[in-house]
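Here is a set of questions and answers for a reader who meets this structure for the first time.

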Amino acid sequence: MSASPYTISNAESTLKSAYQVYYFNPCSYSYVESYLNTAEMQIALHANPTKWSHCSGFNWTDSPVTVLPIIKNLMASGIRVWMYSGDTDGNVPVTSSRYSINSLKLPIKTPWQPWHTNKEVGGYVVEYEGLTFVTVRGAGHLVPSYQPERALTMISSFLQGSLPPSSP
């Protein structure tokens, strides 16, 4: 019995979900590279003429060990601070973000709870004094690429000054 040309094998399905971000637009890197290498863009950015390429393999030496002091300064200035993470993000895992936030010892306003979009759990949210932390279910490091509808709900909630919807 031959497989339908429309059937995806379990292995292929697993592979696609593990690397889903590359399927949303495989040419994204070349678009950005082409755009940043135009003379008009380099002039607009006041950049010296250069050949730009994405920074894969670049060894950062000037980044801070932690951004927590910056977050504290933003909160102290009264700016609403939201941190978010895809729950399958291997670069900035939810657990690491939660440990970092917990080190700030902020009082909790709204405890950890699910939020919803399109009658599904979109992720989880916890609101602290001065900071809100949101997770996005099924999203990796580039949340809008993995889960555009959930990302839109989260960002819309931020812009409206409210938590993401707590009921379906």
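Predicted model: local features only at pLDDT ≥ 70, side-chain atom pairs only at ≥ 80, totals over all residues.

Q: What pattern do the helices and strands of the protein follow along the sequence?
A: The protein holds eight helices and four strands. Read from one end of the sequence to the other, these elements follow the pattern α-α-α-α-α-β-α-β-β-β-α-α.

Q: Which residues of α8 are exposed on the face turned away from its buried side?
A: The buried residues of α8 are R150, A151, T153, M154 and S157. Seen down the axis of the helix, these buried residues fall within an arc of 160°, so they line one face of α8. What covers them includes β1, β2, β3, β4 and α7. The face turned away from that buried side carries the exposed residues P148, L152, L159 and Q160.

Q: Which residue just after α8 takes a positive phi?
A: The helix α8 covers residues 148-160. Just after α8 comes a residue whose phi is positive, at about 75°, and that residue is G161.

Q: Why is the pair of W82 and F158 described by the geometry it is, and what is that geometry?
A: The structure holds two aromatic pairs, and one of them is formed by W82 and F158. Planes count as edge-to-face when they are over 60 degrees apart. The ring centres of W82 and F158 are 5.4 Å apart and their planes stand at 70°, so the pair is edge-to-face.

Q: How many residues apart are W82 and F158, and which elements hold them?
A: This pair links distant parts of the chain. W82 lies in strand β1, which covers residues 81-86, whereas F158 lies in helix α8, and the two are 76 residues apart.

Q: Is W82 buried or exposed?
A: The cut-off for a buried residue is a relative accessible area under 20%. F158, its partner in the aromatic pair, has a relative accessible area of 26% and is partly exposed. W82 has a relative accessibility of 19%, so W82 counts as buried.

Q: Which residue lies over the face of F158, at 4.2 Å from the ring centre?
A: The ring of F158 is paired with that of W82. Over the face of F158, at 4.2 Å from the ring centre, lies R80.

Q: What kind of aromatic pair do W112 and Y124 form?
A: W112 lies in strand β2, residues 108-117, and Y124 in strand β3, residues 120-128, so the pair ties together parts that are twelve residues apart in sequence. W112 is partly exposed at 34% relative accessibility, and Y124 is partly exposed at 33%. R98 also lies over the face of W112, at 3.8 Å from the ring centre. With 5.5 Å centre to centre and 5° between the planes, the pair of W112 and Y124 is stacked.

Q: Which residue of β4 stands opposite Y84?
A: Strand β1 is mostly covered, with five of its six residues buried. Six bridges join β1 to strand β4, residues 131-136, and the two strands run parallel. Opposite Y84, the residue in β4 is V134.

Q: Within what arc do the buried residues of α6 fall?
A: In helix α6, which covers residues 94-102, the residues V94, S97 and I101 are buried. What covers the buried residues of α6 includes β1, β3 and β4. Seen down the axis, these buried residues line one face of the helix, because they fall within an arc of 65°.

Q: Which residues is S97 in contact with, leaving aside its neighbours within four places in sequence?
A: S97 is found in helix α6, and at 7% relative accessibility it counts as buried. Once its neighbours within four places in sequence are left aside, S97 is in contact with S85, V92 and F133.

Terms used. Residues numbered from 1 in each chain as written. Heavy atoms only, no water. Phe/Tyr/Trp six-rings, centres within 6.5 Å; stacked < 30°, edge-to-face > 60°. Buried < 20%, exposed > 50% of the residue type's maximum accessible area, 1.4 Å probe, protein only. Lys NZ or Arg CZ within 6 Å of the ring centre and 35° of its normal. Pairing = 2+ DSSP bridges. Arc of directions from axis to C-beta. Contact = heavy atoms within 4.5 Å.
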